[in-house]
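Let's take a look at this one together, starting with its surface and then going through its side-chain pairings.

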Amino acid sequence: MVEFLRLVFSGELEACPFSDATLWGTGAQKFVHWQEERRLLESGVDPWTGEPDPPAGIGFD
């Protein structure tokens, strides 16, 4: 599965295997475990960019 995803993200397959080509050939991807994502958001850091995220951790009820 990992190899398949690598081939999709790198665009190395002959054709896109999905009906939506959003992920096709996008290059390097980043995996963030949901617990790490939560920890970073609660500490005010955007888990995808590593930059400060002022609205992080704000909850809406």
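Accessible areas here come from the Shrake-Rupley method with a 1.4 Å probe, and for residues only the protein chains shown count as cover. What you have on screen is a predicted model, where local features need pLDDT of at least 70, side-chain atom pairs count only at pLDDT 80 or more, and totals for chains, interfaces and linings use all residues. Residues are numbered from 1 along each chain as its sequence is written, and side-chain values use heavy atoms, with hydrogens and water left out.

Of the 61 residues in the protein, 13% are buried; buried means under 20% relative accessible area, exposed means over 50%, and partly exposed is in between (1.4 Å probe, protein chains only). The protein has two helices and zero strands. Both kinds of element are DSSP runs numbered from the N terminus (helices: H or I, at least four residues; strands: E, at least two). As for contacts (heavy atoms within 4.5 Å), residues 24 or more positions apart make up 0% of those with a separation of 6 or more.

Now for the charged side chains. Side chains of opposite charge can pair when their charged atoms come close. There are three salt bridges in the structure, a salt bridge being a side-chain nitrogen of Lys or Arg within 4 Å of a carboxyl oxygen of Asp or Glu. Here they are:

| Salt bridge | N to O distance |
|---|---|
| R6 and E3 | 2.8 Å |
| R6 and E12 | 3.1 Å |
| R39 and E36 | 2.7 Å |

Where do R6 and E3 lie? Both are in helix 1 (residues 2-10), three residues apart, or about one turn of the helix. R6 is partly exposed at 38% relative accessible area, E3 is partly exposed at 43%, and E12, the other partner of R6, is partly exposed too, at 49%.

Over in helix 2 (residues 34-42), R39 and E36 are also three residues apart, which puts about one helical turn between them. R39 comes out as partly exposed, with a relative accessible area of 45%, and E36 is partly exposed at 33%. Back with the other two bridges, shared partners join E3, R6 and E12 into one network.

What about the aromatic rings? Searching the whole structure turns up one aromatic pair. The two rings belong to F4 and F18, and they sit edge-to-face, 6.0 Å centre to centre with 80 degrees between the planes. F4 is in helix 1 while F18 is in the loop between helix 1 and helix 2, so the pair ties together parts that are 14 residues apart in sequence. For the cut-offs, rings of Phe, Tyr and Trp (its six-membered ring) pair if their centres lie within 6.5 Å; planes under 30 degrees apart count as stacked, over 60 as edge-to-face and the rest as tilted.

Is F4 buried, exposed or partly exposed? F4 is partly exposed, at 31% relative accessible area, and F18 is partly exposed at 36%. F4 and F18 also turn up together with M1 and L5 in a nonpolar surface patch, with about 390 Å² of accessible area together. Patches are made of residues with over 30% relative accessible area and no salt bridge, joining like charges within 9 Å and nonpolar side chains (Val, Leu, Ile, Met, Phe, Trp, Tyr) within 5 Å.
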